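Visitor: I have a structure open and have not looked at it before. Can you walk me through it?

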Amino acid sequence: GEAAEADGGETDEAGQLIDDKTTELERALYALRHMRFDSEDAVPSSSTLTEEPRMGRDVRMLERLREAFRERAVWLETALLRRLPASADETTLTRLLPFVAYQWIDGPWQKGYTRLGWDPRECPEEAAPLQVLQFRDPHWQAGGGEKTR
């Protein structure tokens, strides 16, 4: 603890040194807001993060994310990664999504990242085609879908 503080490093409650990358990811994970379908609360309209990225690559990627959410209000992670440049990965999304979106925990948009300030429950005609469809095959889940010799 004291040695890390003497070196100018930040430590957690256990006295372990926290590196900048981990701290940034942890902040982003805590910053992403979540909604439940049956909640009567208003959807998040702004990010809890106050300092936007200043590094060129992140600034460009954040603008690409904003473009994507202007095109479509709800995205699943896989589709969003396909829409973004190849340099985008899950870590990039984790760090940048809190600036532009919140995530549904359940309901018709479960796991969908949704543009900040937009409530699909209030726009049924626009929101209906953006609902998440889950396909479940009990035969496949039970192992029956695997090829056997």
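Guide: What follows goes through the sheet, the ring pairs, the salt bridges and a helix residue.

Visitor: Before that, what sort of model is it?

Guide: It is a predicted model, in which local features need pLDDT of at least 70 and side-chain atom pairs count only at pLDDT 80 or more, while totals for chains, interfaces and linings use all residues. Residues are numbered from 1 along each chain as its sequence is written, and side-chain values use heavy atoms, with hydrogens and water left out.

Visitor: Ok, the sheet. In what order do the four strands come?

Guide: The order is β3-β5-β6-β4, in an open sheet with mixed pairing. Strands here are DSSP runs of E with at least two residues, helices are runs of H or I with at least four, and both are numbered from the N terminus. Two strands pair if DSSP finds at least two bridges between them.

Visitor: Which strands stand at the edges?

Guide: β3 and β4 (74-75) do; each has a single partner strand, so one side of each is left without a neighbour in the sheet.

Visitor: And β3 with β5, parallel or antiparallel?

Guide: They run parallel and are joined by two bridges. H34 stands opposite Q103 in β5.

Visitor: How many bridges between β5 and β6?

Guide: Three, and that pairing is antiparallel. Q103 faces Y113 in β6, and Y102 has T114 of β6 as its bridge partner.

Visitor: Which helix packs on the sheet?

Guide: α3 does, touching β4, β5 and β6, and its direction makes about 85° with that of β6. Touching means heavy atoms within 4.5 Å. The angle is taken between N-to-C directions on a scale from 0 to 180 degrees, with axes as lines fitted to C-alpha atoms, for helices over the stretch in contact.

Visitor: Back to β5. Are its faces covered or open?

Guide: Both are covered: A101 and Q103 on one side, Y102 and W104 on the other, are all buried. Buried is under 20% relative accessible area, exposed is over 50%, and partly exposed is in between (1.4 Å probe, protein chains only).

Visitor: New topic. How many aromatic pairs?

Guide: There are three aromatic pairs. Rings of Phe, Tyr and Trp (its six-membered ring) pair if their centres lie within 6.5 Å; planes under 30 degrees apart count as stacked, over 60 as edge-to-face and the rest as tilted. One of the pairs is F37 with W109, tilted at 45° between the planes and 6.0 Å centre to centre.

Visitor: Where do F37 and W109 lie?

Guide: F37 is in the loop between β3 (34-35) and α3 (56-71), and W109 is in the loop between β5 (101-104) and β6 (113-115), so their pair ties together parts that are 72 residues apart in sequence. F37 is partly exposed at 36% relative accessible area, whereas W109 is buried at 4%.

Visitor: What about W104 and W109?

Guide: Their ring centres are 6.0 Å apart and their planes are at 45°, so that pair is tilted. Both W104 and W109 are buried. Ring pairs link F37, Y102, W104 and W109 into a cluster.

Visitor: Which residue lies over the face of W75?

Guide: R72, at 3.6 Å from the ring centre. The rule asks for NZ of Lys or CZ of Arg within 6 Å of the ring centre and within 35 degrees of the ring normal.

Visitor: How many salt bridges?

Guide: Seven salt bridges, each a side-chain nitrogen of Lys or Arg within 4 Å of a carboxyl oxygen of Asp or Glu. Among them is D106 with R36, whose closest N and O atoms are 3.3 Å apart. That pair links distant parts of the chain, 70 residues apart: D106 in the loop between β5 and β6, R36 in the loop between β3 and α3.

Visitor: Which salt bridge does R83 form?

Guide: R83 meets E71 at 2.5 Å, N to O. R83 lies in helix α4 (residues 77-83) and E71 in helix α3, so the pair ties together parts that are 12 residues apart in sequence. E71 counts as exposed at 57% relative accessibility, while R83 is partly exposed at 22%.

Visitor: Last one: what does T92 touch?

Guide: T92 touches R57, M61 and S87, leaving aside residues up to four places away in sequence. T92 belongs to helix α5 (residues 90-96) and is buried at 4% relative accessibility.
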